[in-house]
Amino acid sequence: MANGEIKENEIVAAPKLLLQIGKYVAGSVIVGDAMQCQRKLSVQIRGAGGDWIWFVKGNQPDGLDNIKVLFENEPLAVGHSPSRVPPGCDFKTARRVEKAHGRLEERVITVSSMLDEEYLKWPGVAQVFKLESWIKGGEGETKHQVRYGLTSLPAEIADAALVMAIARAEWGIENQLHYRRDVRLREDWSQLRPGQSQQVNSILNHTVVGLMGLAGVSNIQATGREMSYTPAQAIKLLTQPLLSSN
């Protein structure tokens, strides 16, 4: 299956999945990446009594450009000092710094209610945001990332800090699941041809990540090397969830 077909299937599958879990949507916040950032899906979630937070990328160019322009720093006249909040803007910010696994990560989010549903032509939008992160690794290199998004959560319900906390759910999936699959399990280096073999490999990797998570394994690569020499440990890992549930 080609990459384009996979993305198209995700767009089609998301509304069907929501229909199956409809009773759980009410009162929940659905978080998604650019692939889920669709107008029809936004309407469906709000209709079911839920809210959404979407990250916006190039697949929604008009919305992305409008949000970028909103948060761009205005050119300063000579003799004026920069301001964190330009005059006339309702910008609110939140900042969080965390240190873990030898990395120092700083995140800053800026939210605004200035781009409403009529302006963006996006049903149910209440706020837009700019989320920046600076990640400093053990070797001293700093990686800077900027992401833009929109949400149906109004400012009186979700302030900047809460929007960032909820948005991190999607970021956590990206870091914890995809990074483990793509890098730790070397899925990006796979030589499998497009077709069912890729899908089977993806399912197996999902299973490995899930089982190791249940077993409290934090270093998948090291555990994988250890189990290649001691197959009995792998069998124990496979049977442990079954034994625990009985």
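## A polar pair to begin with

Let us start with two side chains: those of Glu-132 and His-144 are joined by a polar contact of 2.9 Å. A polar contact is a pair of N or O atoms within 3.5 Å; within protein, one must be able to donate a hydrogen and the other to accept it, and residues adjacent in sequence count only if both atoms are side-chain atoms. The model you are looking at is predicted, so local features need pLDDT of at least 70 and side-chain atom pairs count only at pLDDT 80 or more, while totals for chains, interfaces and linings use all residues. Residues are numbered from 1 along each chain as its sequence is written, and side-chain values use heavy atoms, with hydrogens and water left out.

Is Glu-132 buried or exposed? Its relative accessibility is 18%, so Glu-132 counts as buried. Here buried means under 20% relative accessible area, exposed over 50%, and partly exposed in between (1.4 Å probe, protein chains only). Glu-132 sits in strand β5. Leaving aside residues up to four places away in sequence, Glu-132 touches Glu-106, Arg-107, Val-108, His-144, Gln-145 and Val-146; a contact means heavy atoms within 4.5 Å.

## The chain as a whole

Now step back. The chain has nine helices and six strands. Helices (H or I, at least four residues) and strands (E, at least two) are DSSP runs, numbered from the N terminus. Of the 246 residues in the chain, 30% are buried. Looking at contacts between residues at least 6 apart in sequence, 54% join residues at least 24 apart.

The accessible surface of the chain is about 15,800 Å², and carbon and sulfur atoms account for 54% of it. Accessible areas come from the Shrake-Rupley method with a 1.4 Å probe; for residues, only the protein chains shown count as cover.

Strand β4 covers residues 103-112, and seven of its 10 residues are buried, so β4 is largely enclosed by the rest of the structure. β4 pairs with strand β5 (residues 127-136) in the antiparallel sense, over nine bridges. Two strands pair if DSSP finds at least two bridges between them. Which residue of β5 is the bridge partner of Arg-107? Ser-133 is that partner.

The side chain of Arg-107 also makes a polar contact of 3.4 Å with the side chain of Glu-98. Glu-98 is found in strand β3 (residues 92-100) and, at 25% relative accessibility, counts as partly exposed. Not counting residues up to four places away in sequence, Glu-98 touches Arg-103, Leu-104, Glu-105, Arg-107 and Arg-168. The C-alpha atoms of Glu-98 and Ile-135 are separated by 9.6 Å, with the two residues 37 apart along the chain.

## The nonpolar cores

A nonpolar core is a set of buried Ala, Val, Leu, Ile, Met, Phe, Trp, Tyr and Cys residues joined through side-chain atoms within 4.5 Å. The largest one has 21 residues, and Trp-54, Trp-122, Val-128 and Leu-150 touch the most other members. Two or more residues each come from α1 (3-20), α3 (39-47), β2 (51-56), α4 (61-71) and β6 (142-151). α4 gives the most, with four residues. Another core, of 14 residues, lies apart from this one and includes Phe-55, Ile-109, Ala-158 and Val-163.

In α4, the buried residues are Leu-64, Ile-67, Leu-70 and Phe-71. Seen down the axis of α4, they fall within an arc of 125°, so they line one face of the helix. The arc is that of the directions from the helix axis to the C-beta atoms. Their cover includes β2, β4, β5 and β6, whereas the face turned away from the buried side carries the exposed residues Asp-62 and Val-69.

In α3, Leu-41, Ser-42 and Ile-45 are buried. Their arc around the axis is only 105°, which puts them on the same side of α3. The exposed residues Lys-40 and Gly-47 are on the face turned away from that buried side.

## Two positive phi angles

Most residues other than glycine have a negative phi. Lys-121 is not a glycine, yet has a positive phi of about 55°. Lys-121 lies in the loop between α5 (117-120) and β5 and, at 57% relative accessibility, counts as exposed. Just after α3, Gly-49 takes a positive phi of about 90°.
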